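Please read them with the structure open beside the text.

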Amino acid sequence: MSLSPVVPEKRPAEELNRAVILLGPPGAGKGTQAKKLAAKYAVPHLSTGDMLREHIAAGTELGAKAKPIMERGELVPDSLVLRIVADRIEKPDCSHGFVFDGFPRTVAQAHYLGELLKQHGFRRPIVIHLVVDTSLILRRITGRRMCKVGGEIYNIYERPPKVEGRCDNDGGELAQRPDDREEIVGPRLKAYEKQTEPLVAYYTRLGLLYDVDAAKSVEEVEQSVWKTLHLARGGH
Ligand code: ADP
Ligand code: AMP
């Protein structure tokens, strides 16, 4: 099947110049698409999940607070997450925009982000809602493996690496996240439905939300994300 229009490999960051938010349940493909979009514009991919896991790996106080909560599949308190995000978007590499993955996750976070973006002189964000049926999610989450070196995302059922257990890019070891075990998927989905799904209505009301069918292949979703972004930016 031909996929047109062609998704460009690179675009200037000045063309983006805002925050893009990827919203959707765990396993929807936010990280997979955020990495592609951020690489296209050479802007930072800001995954609060990755940032929290880095805190845990580094043994910080914040990491110690977050670890048991994440392992139970619950959301970390807003105050901890907001501190990380506020510090991160101050950095010079964020001056032309960034791609959020897994943030915001509560209405309070979305509210705070709106203020933060205003303070930093950014225009309004574009929110891409990755829509996927819960029936696909279990397979995506339990099959997920991440490279310990570069963070590349695989799926042992859908997108396996060429060599089992090794990253195609850098040969790094692939690992399963502790919260990707089947018994934690239920609590994570519940947290999504209760605390994060209200953001769909929140951003719809603000006229910032665009739905993308995330049940399709990674390449097809990438193309829809690209088309949607183009449309949301006013076709230029
Ligand atoms: P999220 O960041 O939303 O939790 P990920 O991007 O980590 O989701 O993707 C979850 C899992 O699903 C990963 O194993 C990834 O390789 C796989 N995946 C992502 N997008 C697709 C897709 N469109 N089709 C099939 N598998 C996908
Ligand atoms: P993720 O990598 O996005 O799937 O996030 C993994 C876990 O990190 C979540 O289940 C939460 O416990 C925590 N987390 C990540 N981002 C946030 C956020 N924005 N707010 C609260 N908790 C978060």
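1. The second largest pocket is a place to begin. Its lining is made up of 19 residues, and those nearest its centre are D50, R53, M146, C147 and R177. Please keep in mind throughout that this is a predicted model. The space in this second largest pocket comes to about 520 Å³.

2. Which elements supply at least two residues each to the lining of the second largest pocket? They are α3, α4 (residues 61-71) and β5. Of these, α3 gives the most, with 4 residues. By residue type, the lining of the second largest pocket splits into 8 nonpolar, 3 polar and 8 charged residues.

3. The largest pocket holds about 930 Å³ of space. Its lining counts 47 residues, with P26, G27, A28, K30 and R144 nearest the centre. Two or more residues of this lining come from each of α2, α3, α7 (134-142), β5 (144-147), β6, α8 and α10. The element that gives the most to the lining of the largest pocket is α3, with 5 residues. Sorted by type, the lining of the largest pocket has 18 nonpolar, 14 polar and 15 charged residues.

4. Where does ligand 1 sit? Ligand 1 is placed in the largest pocket. There are 19 residues around ligand 1, and K30, T32, R144, Y154 and K216 come nearest. K30 and R144 are also among the residues nearest the centre of the largest pocket.

5. Several polar atoms of the protein lie beside oxygen atoms of ligand 1. For G29, a backbone N or O atom is 3.0 Å from an oxygen atom of ligand 1. For G31, a backbone N or O atom is 2.9 Å from an oxygen atom of ligand 1. With N155 the atom belongs to the side chain: a polar side-chain atom lies 2.9 Å from an oxygen atom of ligand 1. On its own, ligand 1 has 560 Å² of accessible area, and the protein covers 94% of that.

6. The shell around ligand 1 can also be described by element and by type. Two or more of its residues come from each of α2 (30-41), β6 (153-155) and α10 (218-232). The shell around ligand 1 contains 7 nonpolar, 6 polar and 6 charged residues.

7. Ligand 2 has 16 residues around it, and T48, R53, E74, Q109 and R177 come nearest.

8. The contacts of ligand 2 involve both side-chain and backbone atoms. R53 has a polar side-chain atom 2.9 Å from an oxygen atom of ligand 2. In V76 a polar backbone atom is 3.1 Å from a nitrogen atom of ligand 2. In G102 a backbone N or O atom is 3.0 Å from a nitrogen atom of ligand 2. Taken alone, ligand 2 exposes 480 Å², of which the protein buries 96%.

9. Helix α3 (residues 48-58) is the element that gives the most to the shell around ligand 2, with 4 residues. Sorted by type, the shell around ligand 2 has 6 nonpolar, 4 polar and 6 charged residues.

10. Among the residues that line the largest cavity are L22, L23, P25, P26, K30, G102, F103 and Y192. The elements β1 (18-23) and α8 (182-196) each give two or more residues to the lining of the largest cavity. Its lining divides into 7 nonpolar, 3 polar and 2 charged residues.

11. The second largest cavity has a volume of about 30 Å³. It is lined by Q33, K36, L37, K40, E222, V225 and W226. Both α2 and α10 give two or more residues to the lining of the second largest cavity, and the largest share, 4 residues, comes from α2. The lining of the second largest cavity has 3 nonpolar, 1 polar and 3 charged residues.

How values were computed
Residues numbered from 1 in each chain as written. Chains lettered and ligands numbered in written order. Predicted model: local features only at pLDDT ≥ 70, side-chain atom pairs only at ≥ 80, totals over all residues. Heavy atoms only, no water. Near = heavy atom within 4 Å. Polar contact = N/O pair within 3.5 Å; in protein donor to acceptor, adjacent residues only side chain to side chain. Areas by Shrake-Rupley, 256 points an atom, 1.4 Å probe, with all protein chains shown as cover. Nonpolar A, V, L, I, M, F, W, Y, C, P; charged D, E, K, R; others polar. 1 Å grid on protein atoms, 1.4 Å probe; cavity = no way out; pocket = protein on both sides within 12 Å on 5 of 7 lines; lining within 4 Å. Sits in = over half its atoms within 2 Å of the grid points. Points joined across faces, edges and corners; volume = space filled by probe spheres on them.
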